[in-house]
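Colleague: I would like to go through the helix packing and the chain contacts here. Please take the questions one at a time.

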Protein chains: 2
Amino acid sequence: MQEVACCDCELDPLCQVVEYGERDLANSEATLRRRQPIRRGELLFSEKQPFSSLFAVKSGSYKAITTDLSGKERVIGFYLPGDLIGAEAIANRVHSFAVRALQESRVCKMDLQQVTRCGRDREMAQQALIQILGQEIALNQQVTTSLIQQNAEQRMAAFILGLARRSGLRGFSQQQFGLTMSRSDIASYLGLARETVSRVLTRFQTYGLIGLNKQIVKLRNPEGLEKVTGMR
Amino acid sequence: MQEVACCDCELDPLCQVVEYGERDLANSEATLRRRQPIRRGELLFSEKQPFSSLFAVKSGSYKAITTDLSGKERVIGFYLPGDLIGAEAIANRVHSFAVRALQESRVCKMDLQQVTRCGRDREMAQQALIQILGQEIALNQQVTTSLIQQNAEQRMAAFILGLARRSGLRGFSQQQFGLTMSRSDIASYLGLARETVSRVLTRFQTYGLIGLNKQIVKLRNPEGLEKVTGMR
DNA sequence: TCTTTTCTTTGATCTGAGTCAATTAATCAG
DNA sequence: CTGATTAATTGACTCAGATCAAAGAAAAGA
């Protein structure tokens with residue numbers, strides 16, 4: 001299982017400050033626990049659970065899910081190595097969705113309560129956190145836009161390119177990466193039917209845009225995909 | 001034009017800290033400018049413009065817009081009294097979309113550069129900002145979810161209820177409020193055709209869910225609307 | 001005021017994507 | 001390895017919502 005390097009991780013600016021601060025702390029209560037293992041299918045936290053920590057994905061992948069009135073599960077996001085999990089609960093101190101591991105994975109866990117209590121490094125930590133949250137807002141904005149006003153092919157193309165970009169940013173291959181979530185998960189996330197996801201993926205293969213076997217996606221024509229999205 | 005009270009504004013926790021800090025500052029360079037007037041159609045900032053300040057809507061309304069490849073405008077959000085504008089640019093120091101006033105409006109403008117330089121109040125200001133950003137992330141998450149997987153009626157219902165809730169939260173009527181944006185703007189935002197927005201609105205009227213004349217919406221049956229959304 | 005332009009509504013038609021159904025492939029348990 | 005269960009693909013059909021078109025209502029200019 002390939003892991004993201006700390007230097008490529010979104011939470012790292014905060015980790016550094018916290019860990020630096022920790023050395024000076026008399027009590028050895030770790031505020032930061034690196035590389036916690038999580039089994040496939042395990043919940044990182046559940047909906048309505050009180051907020052206690054932020055997580056950074058070290059390896060593997062996760063999905064964020066809510067349950068609607070009829071009890072059906074809805075996927076509202078995916079997390080890959082280097083991604084931040086849990087920011088949505090900072091203000092209300094309660095998680096607004098559950099997060100489940102899609103495979104054997106590892107996270108780094110940071111106790112935010114402690115972070116905001118650790119005195120002289122507090123300001124640096126806060127500064128770092130502000131940056132991270134700002135980044136998060138900008139990203140969410142983009143994702144929302146690219147999903148809402150687009151058709152099935154555009155959504156899928158944007159989704160695949162997004163995965164590729166994230167893979168590249170975290171130090172992995174930008175051309176080839178794992179599609180660890182099921183077709184149903186993708187469908188739910190993109191607001192499409194399973195069957196449509198399947199059809200669009202095979203269409204993309206016949207167009208020569210991507211190659212796909214087992215869980216591995218290969219970008220054969222990234223520019224073409226970019227065109228399909230219809231965005232800049 | 002009705003204005004939101006500062007105590008009902010999202011940016012207020014930050015304003016308070018900043019303004020308190022300002023009194024002690026030797027230089028009288030204001031970091032906070034309250035109630036700046038903006039004319040209808042005027043840009044608050046444009047896409048790709050360097051980030052310099054956060055804005056809080058005091059009165060009126062705004063839309064956030066990007067332009068796609070074909071040069072067509074896409075609405076990606078609306079701002080009402082009490083809302084925060086500009087958070088998406090904090091991390092990258094560049095605005096990722098433009099914001100245009102939908103009518104005569106007022107904003108409070110806060111220079112964030114200064115905020116993060118003002119010394120002993122800095123920590124309080126940062127704490128406040130973290131809360132605000134966290135709230136922003138949680139809200140965006142909700143909006144995205146409610147839009148992507150819903151049909152036209154569900155989107156419109158959620159949109160109207162969202163406006164009502166925001167209106168109520170800011171100290172205005174929850175039953176009655178202005179629909180200051182055009183049908184096209186709503187359509188673009190919700191990812192629908194103008195015609196569909198129009199049709200759904202008339203359907204809602206004939207169902208007795210809302211009343212609508214000129215720019216004023218009245219909720220006649222909020223529970224009914226809530227049911228239409230199909231969410232909790 | 002009247003005219004022009006823009007916005008909104010309503011109707012008719014068409015199409016992308018959802019639903020239902022059946023087949024094939026992959027994963028899991030023993 | 002083998003049968004059982006679950007996931008993915010493919011096809012046929014349907015419908016919500018897009019597009020096209022035209023009329024009506026508001027808003028902006030003169």
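Colleague: At roughly what angle do the axes of α4 and α6 of chain A cross, and how is that arrangement classed?
Modeller: This is a predicted model. In chain A, the axes of α4 (residues 152–169) and α6 (residues 194–206) come within 10 Å and cross at roughly 75°.

Colleague: Which residues of α6(A) meet α4(A), and how many residues of the contact are nonpolar?
Modeller: From α4(A), A152(A), E153(A) and M156(A) take part, and they meet T196(A), V197(A), V200(A) and L201(A) of α6(A). The residues of this contact include 1 polar and 1 charged, and the nonpolar ones number 5.

Colleague: Which element gives the most to the side of chain B that touches chain A?
Modeller: On that side, 35 residues of chain B are in contact with 35 residues of chain A. They divide into 15 polar, 13 nonpolar and 7 charged. Two elements of chain B give two or more residues each, β5 (73–79) and α3 (122–148). With 19 residues, the one that gives the most is α3(B).

Colleague: Which residues have the most contacts inside the largest nonpolar core, and what does L14(B) touch beyond its sequence neighbours?
Modeller: The largest nonpolar core has 134 residues, and those with the most contacts inside it are L11 and L14 of chain A and L11 and L14 of chain B. Leaving aside neighbours within four places in sequence, L14(B) is in contact with M110(B), A125(B), A128(B), L129(B) and I132(B).

Key. Residues are numbered from 1 along each chain as its sequence is written. Chains are lettered from A and ligands numbered from 1 in the order in which they are written. This is a predicted model: local features need pLDDT of at least 70, side-chain atom pairs count only at pLDDT 80 or more; totals for chains, interfaces and linings use all residues. Two residues are in contact if their C-beta atoms, placed from the backbone, lie within 7 Å. Helices (H or I, at least four residues) and strands (E, at least two) are DSSP runs, numbered from the N terminus. Ala, Val, Leu, Ile, Met, Phe, Trp, Tyr, Cys and Pro count as nonpolar, Asp, Glu, Lys and Arg as charged, and the others, Gly among them, as polar. A nonpolar core is a set of buried Ala, Val, Leu, Ile, Met, Phe, Trp, Tyr and Cys residues joined through C-beta atoms within 7 Å. A residue is buried if 20 or more other C-beta atoms lie within 10 Å of its own, exposed if 12 or fewer, and partly exposed in between; C-beta atoms are placed from the backbone. Axes are lines fitted to C-alpha atoms, for helices over the stretch in contact, and angles run from 0 to 180 degrees between N-to-C directions.
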